[in-house]
2 protein chains.
Amino acid sequence: MAKDSATSVNRKSEILSAAIEVFAETGYYRATTAMVAERAKISQPYVFRFFPSKEALLLSALEVSWERIVGSFRQVVQSAAPENMEKELIVAYERIMEEHRNEILLQMQAQTIAEETIRESMRGGFREVREIVLEAFRGAGIEKPEERTFLFLARGMLCNVADAIDMPELKMT
Amino acid sequence: MAKDSATSVNRKSEILSAAIEVFAETGYYRATTAMVAERAKISQPYVFRFFPSKEALLLSALEVSWERIVGSFRQVVQSAAPENMEKELIVAYERIMEEHRNEILLQMQAQTIAEETIRESMRGGFREVREIVLEAFRGAGIEKPEERTFLFLARGMLCNVADAIDMPELKMT
DNA sequence: TCAATTAGTTATTGATTAATCACTACCGTT
DNA sequence: AACGGTAGTGATTAATCAATAACTAATTGA
């Protein structure tokens, strides 16, 4: 069972998980470091032993969320048959939307945060995901891979919105 | 020239314009009513003569932004030839993205705000726009109008994101 | 066994902010 | 020449919050 051996690395990822939840539920700017601490079952100042500032915490949380998508997509790319490539990538993303909804909500928030460090992280994430999908489509022999990649990402963005505002009819017919 | 006759209605819309700017630039939660007031060239408490709370101000600002899109799309629908319908709707939206970027940024922020009044406003806006586009496509004899409407909205969402994080290469090939 | 390292807390602060209150200035009417 | 309505401001407040400082408790290893 490997109980709760509170290593430093362990604590750090607990705080990150708490932050993702709280930021997603409450909104980054309205969320307080005290709320994050409470969720992680530690005191508020102890958060700052692991992250130099609230913004640094957000940045790390964003990295986690992008790595989730990148890792999942890479696995699909190296395991799916070419004719199933698009469908399998869609399924993988739908799975993330279900099981890690908060990470998606966090990314949506970050889309409108003006701090340059945050924007860079978002651009990096999108660039990497786009590259993976594009290469997957090319490798699978899909026609007009750029256009198909664009549409793949576009559908993803609308599904994010439909999910966030709880309007399932927006997702499809 | 009809200078600045400061009617009450006039003031109210000045405050709304200021709020749209400030909220979009700074983020709703980080933005202060003092910043809005400064932009509108009035004192901070005077904002509350026109809006009962900061959230009511956000709600009114959102209504303005949705009315912009709805009004523009309705005009296109009744003036464009069927064969140009989709293209003209796209052009209309691109125009709004250029000329009223802040209203789009405001809507993007509102997508992740959990207050029920805000979510209802967002659902209402999306429902109305979706209905207009769908009817336009049906009236123009476009095949699979539901799917085409979905893709139209989806492309819009991705363009919003690409614009917000300043990543133009995300928009197309 | 004790010194250093690690893990964690309580207390505090300085800044910020939505909202309220009490006030002043101006304008048209009678 | 005074009244009532409209337009607007300064001062204040009660709450909130990120970050720091100063502390204690437990663990480890030589």
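**View 1. Eight residue pairs are in polar contact between chain A and chain B, both residues at pLDDT 80 or more.** A polar contact is a pair of N or O atoms within 3.5 Å; within protein, one must be able to donate a hydrogen and the other to accept it, and residues adjacent in sequence count only if both atoms are side-chain atoms. On chain A, α5 (101-110), α6 (116-139) and α7 (145-164) each supply at least two residues of the side that touches chain B. The largest share, 10 residues, comes from α7(A). Helices are DSSP runs (H or I, at least four residues; strands E, at least two), numbered from the N terminus. This is a predicted model: local features need pLDDT of at least 70, side-chain atom pairs count only at pLDDT 80 or more, and totals for chains, interfaces and linings use all residues. Residues are numbered from 1 along each chain as its sequence is written, and side-chain values use heavy atoms, without hydrogens and water.

**View 2. Four salt bridges are counted between chain A and chain B.** One joins the side chains of B:Glu169 and A:Arg127 (3.4 Å, N to O). The term requires a side-chain nitrogen of Lys or Arg within 4 Å of a carboxyl oxygen of Asp or Glu.

**View 3. Chain A and chain B bury about 3,500 Å² between them.** Buried area is the accessible area (1.4 Å probe) lost on being put together, summed over both parts. Carbon and sulfur atoms give 72% of this area. In chain A, A:Thr112, A:Phe150 and A:Ile165 lose the most area to chain B, together 18% of what that side buries.

Definitions and conventions. Chains lettered and ligands numbered in written order. Buried area = accessible area lost by both parts, 1.4 Å probe.
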